[in-house]
Amino acid sequence: MRAKILKMLGDKNKRASSGLPKSKKGKKRKELLIGIALLAVSILYLMGSLQLKYGTLKNPGPGLLPIIIGFFLLFCTSLYFIKLYKGEIKNNIEENNSLNGQIKRQRFIMVYGSFACTLAFPFLLEFFKFIGATTIVTFFLLFVLRPQKIFINLGLAFIMAIISFWIFAILLGVAFPFGFLEELFFKWLW
Amino acid sequence: MHEIIQYFFNGLATALTPAYLFYALIGCIMGTITGVLPGLGPLGAMAILLSFTLKMDATGAMILFAGIYYGAMYGGSTTSILLNIPGEAASVITCIEGYQMTQRGRAGAALTISAVGSFIAGSISIFGLMVATSFLADIALRFGPAEFFAICVCGLFLLVRLTGGSILQSIIMILLGMALSTVGFDFLTGTKRFTFGIIQLDQGIDFLPVAMGIFGIAEVLLTIEQAELSRPIQKVRWQDLLPTFAEWKRSFMPIFRGSFLGFIIGLIPGPSPVIATFVSYISEKKCSKYPEEFGRGAIEGVAGPEAANNAAVGGAYVPLFALGIPFTPAMAIVVGTLMLHGLTPGPNLIKNKPDFFWTVIASMYIGNFMLLVLNLPLINLFVRILMIPRYFLMPIIVLICMIGVYSVNASALDLSLLALFGFIGYILRKSGFQPAPLILAMVIGPMLETSLRQALNISGGSIGGIIFHPISFTLFLITAMSYIAPLLWRVYRKSRTANCSN
């Protein structure tokens, strides 16, 4: 316990000595992370492009443009990272520090929850087929944006799934994965 | 000229068929709705509805998109004037004078002048589009790979200069877009590039999930993060819609100046409707007989910029139809759509498919007229769209994006890419990166690569042979000047200030 408190105090002292408030430090860390990610992408791309045949100027190969892009990308992202590190680039990562912790947490859940729903859709589609997957994803989307009314959200999600099935699968003829529910509604709506 | 008129009337006859009239109407309504809703611009709407167009023919798709683009410009001005909420970027400047006019009880006059100005500017720019495209396309038929390479390079460099924000960030986005365009089979040798053994990537990264992710999903994520705006909805009475004679008189010249400026600026790469409104506002402030009224509700400050943003739309179509190169992000989506329909935009398209081109042009006139007729009577209805709660609207947009992407290839990979690019777009936009250069570079990338490799082949590997062609040299010179001229101007101003202080 004592060691934990001492560690925390040490962290606090370190923070105070760095001269930056906590929120600004977090912002700079986020900016640097984006810079590192861009740098990593450019290194990977350049490494990949070096494995392609670039041919000659007279007979350019499939690797010529990727190599040119790769070098320029590495140069630009390195420059960007250096500028970020030196604090020469003032990015406007919008951080509203006037918001209290709960609202910040709510917004975090809204954004990352919506992203998670979008990411989960292809996997759900495989297991629950169209109506099931759409209902689940729409319900969670509605839930992260308005968590108070669970049953209304569930009803709305199901209605939205049926309407989108009717528009896309029946009217527009899009080929969705079919299961029991889809067969049932297809017969009923057609 | 006789041929142009004949083609135009043939196109008009086709555009007046019920199916195309319906697409134009849907486009105008969807465009107005997206223009009214803050955050969701024409670009987002076009990206979201892209998959729907696959069930139409290419002409129908283009008519729908033209309606959306023009409609968004009309719709954006409504909320700017009535609520001081710009529905999309090109309407920001209208807020300044438009909302002041509302405060003074002249909202109806501002809305009418804005709608009529947009209609006149739209019609002028479509005429400009007809003439300029036919003229440019004839010249472009004589262009070789070196010239096309120069146009692509010039377009991308000017885009970096005009996009706004950090130049370094814009260059990174362009390079990332070009890097994405190199994924998949090399079209000349059949070599696989950056596919990492994933078979679905052999055909390259589809434009659709990237555009829908960056403009659709990212937009939703950014919107839900912001606090919901709630303002009292302003009602406009019918009798208030009529401007006074003095207001008509004061708006007449700004509309024509705005139309001219907007069309010219629309030809330049970058977010032309936005730039056009700013330039028009500044020029009106300088030309006005009542400069003291600016900032307090000057009608010229509504008429000029509103005309300019609509005229810029027509201008933006010129390089697309004449050269096959999109200079604005919205046009990149149009190119993507045309390619999905198996059409390659460019001078050959006008030559080989004149019926398609002229039907689209004629439908633009029809769409513009529809917007004028629809918008003024339905203003109160469109403003009410703002009352739809966000928790209900955002899931619908996400759902449309997901189903839209899936409906093209029925591919789970496309859905994963949609989510991934949505998140990447959200992070990058929050960090001050503009997504438009990435999308444009992704579309221009393959054209640039083809023309570069063909030009090098033809010139026997001589880079000088590409640069010193008369047209390409002029284009490279213009590009260089766009970077050098501001520097020279800054040095000149500094030396003048130093001389004056001495």
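Buried residues account for 29% of the 190 residues in chain A. A residue counts as buried if 20 or more other C-beta atoms lie within 10 Å of its own, as exposed if 12 or fewer do, and as partly exposed in between, with C-beta atoms placed from the backbone. The model is predicted: local features need pLDDT of at least 70, side-chain atom pairs count only at pLDDT 80 or more, and totals for chains, interfaces and linings use all residues. Residues are numbered from 1 along each chain as its sequence is written, while chains are lettered from A and ligands numbered from 1 in the order in which they are written.

Chain A holds six helices and zero strands. From the N terminus, its elements follow the order α-α-α-α-α-α. Helices (H or I, at least four residues) and strands (E, at least two) are DSSP runs, numbered from the N terminus. Of the contacts in chain A between residues at least 6 apart in sequence, 52% join residues at least 24 apart. Two residues are in contact if their C-beta atoms, placed from the backbone, lie within 7 Å.

The interface between the chains brings 50 residues of chain A into contact with 46 residues of chain B. On the chain A side, the elements giving two or more residues are α2 (22-50), α3 (64-86), α4 (101-145) and α5 (150-171). α4(A) gives the most, with 16 residues. By class, this side of chain A has 32 nonpolar, 12 polar and six charged residues. Nonpolar covers Ala, Val, Leu, Ile, Met, Phe, Trp, Tyr, Cys and Pro; charged covers Asp, Glu, Lys and Arg; the others, Gly among them, are polar.

From α4(A), the residues A:R107, A:M110, A:V111, A:S114, A:F115, A:T118 and A:L145 meet B:I217, B:V220, B:L221, B:I224 and B:E225 of α9(B). The residues of this contact divide into eight nonpolar, two polar and two charged.

In chain B, the loop between β2 (192-193) and α9 (207-225) contains B:F194. B:F194 has a positive phi of about 50° although it is not a glycine. B:F194 is buried, with 20 other C-beta atoms within 10 Å. B:F196 lies in the loop between β2 and α9 of chain B. Phi of B:F196 is positive too, near 50°, in a residue other than glycine. B:F196, however, is exposed, with 8 other C-beta atoms within 10 Å.

Helix α15 of chain B (residues 354-375) has 22 residues, which at 1.5 Å a residue should span 32 Å; its end C-alpha atoms are 31 Å apart, in agreement. The expected span is 1.5 Å times one less than the number of residues. Of the 22 residues of α15(B), 16 are buried, so this helix is largely enclosed by the rest of the structure.

B:P470 lies in helix α21 of chain B (residues 470-501). B:P470 is exposed, with 8 other C-beta atoms within 10 Å.
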